[in-house]
Amino acid sequence: MPDKAAVAKFQAIIRRPEFELIDLSSTIAMNAGQLRRFLIDANKRDGKTKTIKTPDSIVVASADAANCQYLLTSDSGIVKLNGKYNLK
């Protein structure tokens, strides 16, 4: 059972005029896959690089494609550096 207060807060956020929902495109899907592969490969090399799961990579690739100023996430490891979303 979802937390009604949390659902209400989320719905209030996505109804704001500056909030934009975008459709998933093949380009976003490919970029998400490339991001995951890059992070997995880097983790295999150094054992330190944070990896992310497919849903998170889609969120990051979508935010990047839409040139978002902000990314709403509970993952504190995702940050925006030099105009691109990166991982701590």
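1. A contact here means heavy atoms within 4.5 Å, and among contacts between residues at least 6 apart in sequence, 31% join residues at least 24 apart. The model is a predicted one, in which local features need pLDDT of at least 70 and side-chain atom pairs count only at pLDDT 80 or more, while totals for chains, interfaces and linings use all residues. Residues are numbered from 1 along each chain as its sequence is written, and side-chain values use heavy atoms, with hydrogens and water left out.

2. On the overall layout, the protein has 3 helices and 2 strands, which follow the order α-α-α-β-β from the N terminus. These elements are DSSP runs numbered from the N terminus, helices being H or I with at least four residues and strands being E with at least two.

3. On burial and surface, 17% of the 88 residues are buried, where buried means under 20% relative accessible area, exposed means over 50%, and partly exposed lies in between (1.4 Å probe, protein chains only). The accessible surface of the protein comes to about 6,900 Å², and 55% of that surface belongs to carbon and sulfur atoms; the areas come from the Shrake-Rupley method with a 1.4 Å probe, and for residues only the protein chains shown count as cover.

4. Helix 3 covers residues 54-65, and its 12 residues reach 16 Å from the first C-alpha to the last, close to the 16 Å expected at 1.5 Å a residue. The expected span is taken as 1.5 Å times one less than the number of residues.

5. Ser-57 lies in helix 3 and is buried, with a relative accessible area of 1%. Leaving aside residues up to four places away in sequence, Ser-57 touches Ala-32, Leu-35, Arg-36 and Ile-52.

6. Ser-62, also placed in helix 3, counts as buried at 16% relative accessibility. A polar atom of the Ser-62 side chain lies 2.8 Å from the backbone oxygen of Ile-58; a polar contact is a pair of N or O atoms within 3.5 Å, where within protein one must be able to donate a hydrogen and the other to accept it, and residues adjacent in sequence count only if both atoms are side-chain atoms. With residues up to four places away in sequence set aside, Ser-62 touches Ile-22 and Ile-28.

7. After helix 3 comes Asn-67, a residue of the loop between helix 3 and strand 1. Asn-67 counts as exposed, at 63% relative accessibility.

8. Cys-68 is found in that loop between helix 3 and strand 1 (78-81), and is partly exposed, with a relative accessible area of 23%. Cys-68 and Phe-19 are 49 residues apart in sequence and 9.7 Å apart in space, C-alpha to C-alpha.

9. Phe-19 also belongs, with Ile-13 and Leu-21, to a nonpolar surface patch of about 270 Å². Patches are made of residues with over 30% relative accessible area and no salt bridge, like charges being joined within 9 Å and nonpolar side chains (Val, Leu, Ile, Met, Phe, Trp, Tyr) within 5 Å. Leu-21 sits in the loop between helix 1 (4-14) and helix 2, where Leu-21 is exposed, with a relative accessible area of 67%.

10. The count of salt bridges comes to 2, a salt bridge being a side-chain nitrogen of Lys or Arg within 4 Å of a carboxyl oxygen of Asp or Glu. One of them joins Glu-18 to Arg-16, with the closest N and O atoms 2.7 Å apart; Glu-18 is exposed at a relative accessible area of 55%, whereas Arg-16 is partly exposed at 46%.

11. Arg-37 and Asp-41 also form a salt bridge, at 3.1 Å from N to O. Both residues lie in helix 2 (residues 26-46), 4 residues apart, about one turn of the helix. An α-helix has 3.6 residues a turn, so residues three or four places apart point the same way. Arg-37 is partly exposed, with a relative accessible area of 43%, and Asp-41 is partly exposed as well, at 28%.
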